[in-house]
There are 6 protein chains.
Amino acid sequence: MHIHLINPNSTASMTAQALESALSVKHTDTRVSASNPADTPVSIEGGADEAMSVPAMLAKIREGEVQGVDAYIIACFDDPGLHAAREVAKGPVIGICQAAVQVAMTISRRFSVITTLPRSVPIIEDLVSDYGAVRHCRRVRAIDLPVLALEEDPKRAEWLLIKEIEAAKAEDGAEAIVLGCAGMSSLCDRLKEATGVPVIDGVSAAVKMAEALVGAGFTTSKVNTYDYPRIKTAMSHRVCA
Amino acid sequence: MHIHLINPNSTASMTAQALESALSVKHTDTRVSASNPADTPVSIEGGADEAMSVPAMLAKIREGEVQGVDAYIIACFDDPGLHAAREVAKGPVIGICQAAVQVAMTISRRFSVITTLPRSVPIIEDLVSDYGAVRHCRRVRAIDLPVLALEEDPKRAEWLLIKEIEAAKAEDGAEAIVLGCAGMSSLCDRLKEATGVPVIDGVSAAVKMAEALVGAGFTTSKVNTYDYPRIKTAMSHRVCA
Amino acid sequence: MHIHLINPNSTASMTAQALESALSVKHTDTRVSASNPADTPVSIEGGADEAMSVPAMLAKIREGEVQGVDAYIIACFDDPGLHAAREVAKGPVIGICQAAVQVAMTISRRFSVITTLPRSVPIIEDLVSDYGAVRHCRRVRAIDLPVLALEEDPKRAEWLLIKEIEAAKAEDGAEAIVLGCAGMSSLCDRLKEATGVPVIDGVSAAVKMAEALVGAGFTTSKVNTYDYPRIKTAMSHRVCA
Amino acid sequence: MHIHLINPNSTASMTAQALESALSVKHTDTRVSASNPADTPVSIEGGADEAMSVPAMLAKIREGEVQGVDAYIIACFDDPGLHAAREVAKGPVIGICQAAVQVAMTISRRFSVITTLPRSVPIIEDLVSDYGAVRHCRRVRAIDLPVLALEEDPKRAEWLLIKEIEAAKAEDGAEAIVLGCAGMSSLCDRLKEATGVPVIDGVSAAVKMAEALVGAGFTTSKVNTYDYPRIKTAMSHRVCA
Amino acid sequence: MHIHLINPNSTASMTAQALESALSVKHTDTRVSASNPADTPVSIEGGADEAMSVPAMLAKIREGEVQGVDAYIIACFDDPGLHAAREVAKGPVIGICQAAVQVAMTISRRFSVITTLPRSVPIIEDLVSDYGAVRHCRRVRAIDLPVLALEEDPKRAEWLLIKEIEAAKAEDGAEAIVLGCAGMSSLCDRLKEATGVPVIDGVSAAVKMAEALVGAGFTTSKVNTYDYPRIKTAMSHRVCA
Amino acid sequence: MHIHLINPNSTASMTAQALESALSVKHTDTRVSASNPADTPVSIEGGADEAMSVPAMLAKIREGEVQGVDAYIIACFDDPGLHAAREVAKGPVIGICQAAVQVAMTISRRFSVITTLPRSVPIIEDLVSDYGAVRHCRRVRAIDLPVLALEEDPKRAEWLLIKEIEAAKAEDGAEAIVLGCAGMSSLCDRLKEATGVPVIDGVSAAVKMAEALVGAGFTTSKVNTYDYPRIKTAMSHRVCA
């Protein structure tokens, strides 16, 4: 089974970190590869960054289809272009936010999400709502640290995350924590140990979900919404007015 | 990895069928065992049947805990006693309804559920709502056939299911179908072939979800709701009035 | 009119307390009896305790049906087995949580619930949602006291409840308080007096609702979901695998 | 106990019919009186009719407060002015729509409402949503007959209602029917008999709810929203522009 | 284009203030007039005040219809009688709460509302829910000042509002503020300047929405719910019982 | 005031049609310009088409910012990139779906949407839900015609739309119709006439909303979510694995 993980931003060190997390949980039989586009934003912090990264990510999926990839993981917690990707791919496409939320709903009854910047909070809240976890998700929190600062100062990131997890336990009654950024992946085990609460890394969750779906023979439904995009004849077009 | 599947009703042939479905999708490394209580209803058709089957099912989990079972599957689509079971088990407990719904939300954007008796429709609607799929699930349909009739006359069951799947495609815009009874498990492949729409069997979905969660090291959160039941000192008690 | 109150746990002193509350509000024409099973948990604190108490509670209802009971009250705030009980009974079955929520929605526009242990909070939140009071119920709070401690140290319980009611008024804007445990029943009047806010005891609410429904001639609908459980032929069954 | 039923429209024959229904279910100890304003619309069919009837209805409640009325019933299915009335009254104020919905949620798991004119359908849908029964209420249906035609041609009304109840059973899976107009009250028993499904008349439901609440000592919370209206000093005021 | 603004309460100075706000944003081509009934409460603080003001407001609309008014604005944040008014008017009827909420949903992703008295909080919460902004609206806050005190001590009102806006930014993550009372209209610009967050005055929002709808040729749909009220033959009616 | 309308697809004739609709409703004082990217799909039918069109659309907005555009309209009913666009623009950005839904919620109580292809139905349902109109929107319907076929055979499109509007009136109780594709814009008046129900074209609605917001001085909140995208230092990046 070949799972391809795409980091939609262009920071290769983040791709490497996500791949490492993926490799640490994958089954021995599974092949996981990873890539990132070369010309997308260096981190995804908000809707415009998301939008700028999706076409290049879809191109990666089109390449994967030629190579016979069985499933894809979008390794950014905003799940950018998730529905679009499912139109392009034959196999399942897993968003790390959706995967993490599904795990959280299975191993706990109430959880909180902790992300980087406050501007991502409403975006994640709306995703959580789309994935049906409005009541299960107590709160989406932010440590107010840019994505790349996670790598630059991992000690500070860890300290801020531990503080926020403790707040989520005390104030939200959170029974599990979802890490709201792919860049937090490598801190997951330490956070679990430090706080005693299950901490869910979306990358790991997504790898296992992808293995599960491919293993059971599921592919993306091509009935209606997720059908392949219609082939468009090029037309002459001109800017008007 | 040891996954134990519990059929909460007492019909061993249904347990055998569910086990067969489980074995057909499990990874070679995974051990799946199955059991059913001896003194529960022969099929679960409504809330009273559910209630009568849960204590014996919890006893099976307690046995499993002694034997070091890694995850449990409750092989009845009403997910009876799911929350209770999670209190008793250390590892993940997967309900086949929740697992199937999570798969359906991942491989399609709109799906319908098809169950046996009309009386189960509101029960499943409420579960689907609890699992966050109100908007994704177009409709819960029933073929109006008792559970045990699935085994007694599989040809008729298959014919009724195909008819209902076609209705779900045409009237609901269903992009995937969830089979709303563990007893439909063995028909899954034929239905998929006959209708051309992804058909999701909860037993298979649950086995792969269990493998995924155990594989990534997830266990049930023991923080708050799913903590082990408090130990109770027996007290004298008498019926009054 | 004969109303039978069932305390699903096996602590007879709690049954006696609930009966006392029931007797204090019932109409002179109404006969209220009460019972509890002998072999269920001594208190219901979570889903496993609930599950272990339901079959014995249903047996009590089956006995009641023979004796011509007109309506039943399940005197535990988690409303364990409520839907199952309605399948078994001809007359109305009232859950004290649902009754209390309906009263709260009628005499106030926003209310809070106060229960015993934090682990019951998500359970009650989900019930409140099922009963349609998501927006009306500001918050479910817990005083973090085991159920039996209510009886053992009623002074401390009262003090904790008063403190929590004051918090609910100040922080939640609660206009009424629902007591989230049958064991708080006897404290209701004192709490009302101490805090000046309507305090709703589910047992009293349920008794009056039962009188109302029986008085108007309502019985449980036997159309579809709440129809009597189907009679099952015993089948041979054996544990497999 | 003195319950006062107010028909907000000015058609005395409808008031008489509602009173008759009330008297037929009330407890022997209860005194039920009824009145209607003299200058409100002859029937309430839509929001403007509602609005025109509320001030006079509130005046009736103010009169009742002087006379020591214990609870009020607003005998129009749109529950016009329900929140306003609760500010004015000390005792509980029961809307027949809310009372019927609460009964329906207790004796069945899914119900439908049948009203007179299609224009009332969205109004009732929004009420049902406010009362928390979105999932429980399958559909609000209309027989497309003006309110007063119920009295003028009761045979035709009965025939149309039976037809609509049968449709609700077959198409909605309705397990109980709520009559969506006070003017249908007198047909309730015949409809129940003709269709074999529980039929809920809001007037009867409201009388019993009122008895229940008063009997248990509940009054309207005067904390915040339902507090008495603030006394206003008359100010000079002039139309401008 | 002629827009008529109706202040449903009888305080002419509030009408004048609302008119001033309207005139400050209206297009030069638009004519805005304003009026208030003479015999309604001096301020609207709760449901009873609302109810007492609606019939006179509807009378103003009936007058407007004769004069050829193109659109109406109900200048009270509770949007009293909004649905009723739409039945009576041919052109659009704009509630200042609905208009402000629509603006807030367009220029921000999360907002908070700040009103006068705590008793209005649940009323506004329910409106916000009816207008579909449950997730977008973080919180409805109150400065606990009666409506008329806004005019009597505008300095204090301004100070309280600034303090509450700062709390909404810090605690709610509010990205925009909706002023929850027509009487706050004149403070809008100063609050925006003092806090650096967009502050939305419902009166201004409503004027522009009315211009937009009339400008595009939209009128109120007369299909079903908002159709003109049915003409009622006066019937003899008498208070009974 | 300068409003710039962007058709995200690359079909200039559709841009011209949308511009024509815009010009027909705009105020004489308003300048409306229009453009479309040159290298995006010729029509937007699904999520992948959306994703491929957004970066070029954002580039158009960046150009507009330099030129001092006051507000933008995204003239595609899926509102592709709406949140992203709001981060990039200073002034308001109006999606034609959101604008149409807001108009529909103001002039009617229940409406239906009619779009082109069935695959867009779930996409629009989710948008309608995000905009808070779940209860107001009865149904999203499709005439099963590709977007470009609207232009190629307008007579057939008109006939199919009339048929579908009649179905929406009869089956959904729709009181207004929202046209679910910018390409239906030119048919709006004829449909209104043919069916007697208000028909809402999103382009016209959006132009008037843009005029309203700019006219009242509203700009997009730069507090949090819609703040300008953070400036990213280019980093070296390489595809890994």
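Predicted model: local features only at pLDDT ≥ 70, side-chain atom pairs only at ≥ 80, totals over all residues.
Reader: What makes the meeting of B:Arg119 and C:Glu87 a salt bridge?

Author: The side chains of B:Arg119 and C:Glu87 come to 3.4 Å, taken from N to O, and the rule asks for a side-chain nitrogen of Lys or Arg within 4 Å of a carboxyl oxygen of Asp or Glu.

Reader: Which elements of chain C supply at least two residues each to the side that touches chain B, and which of them gives the most?

Author: Helix H1 (12–25), strand S2 (31–35), helix H2 (47–67), helix H3 (82–88) and helix H5 (121–130) of chain C each supply at least two residues, and H2(C) gives the most, with nine residues. By class, this side of chain C has 30 nonpolar, 14 polar and eleven charged residues. In the contact as a whole, 55 residues of chain C face 55 residues of chain B, and the area buried between the two chains is about 4000 Å², of which carbon and sulfur atoms give 59%.

Reader: What makes the meeting of F:Glu87 and A:Arg119 a salt bridge?

Author: The side chains of F:Glu87 and A:Arg119 meet at 3.3 Å from N to O, and the cut-off is 4 Å, so the pair qualifies. The interface of chain A and chain F has four salt bridges by the rule, together with 18 residue pairs in polar contact, both residues of each pair being at pLDDT 80 or more. On the side of chain A that touches chain F, H2(A) has the largest share, nine residues, and the residues there divide into 29 nonpolar, 14 polar and eleven charged. The contact takes 54 residues from chain A and 55 residues from chain F, with about 4000 Å² of buried area between them.

Reader: How do you know how chain A and chain F are related?

Author: A rotation of 180 degrees, with 0.0 Å of shift along its axis, superposes chain A on chain F at an RMSD of 0.0 Å. The two copies are therefore related as by a two-fold rotation axis. Of the residues of chain A, A:Ala51 comes closest to that axis, its C-alpha lying at 3.5 Å. The same surface serves both copies, since 100% of the contact residues of chain A recur in chain F.

Reader: Why is C:Asp79 called buried, and what is its phi?

Author: C:Asp79 has a relative accessible area of 5%, and buried means under 20%, so the word applies to C:Asp79. The residue lies in the loop between strand S3 (71–74) and H3 of chain C, and has a positive phi of about 45 degrees although it is not a glycine. Most residues other than glycine have a negative phi.

How values were computed. Residues numbered from 1 in each chain as written. Chains lettered and ligands numbered in written order. Heavy atoms only, no water. Contact = heavy atoms within 4.5 Å. Buried area = accessible area lost by both parts, 1.4 Å probe. Helix = DSSP H or I, 4+ residues; strand = E, 2+ residues; numbered from the N terminus. Nonpolar A, V, L, I, M, F, W, Y, C, P; charged D, E, K, R; others polar. Polar contact = N/O pair within 3.5 Å; in protein donor to acceptor, adjacent residues only side chain to side chain. Least-squares fit on C-alpha atoms with pLDDT ≥ 70 in both. Buried < 20%, exposed > 50% of the residue type's maximum accessible area, 1.4 Å probe, protein only.
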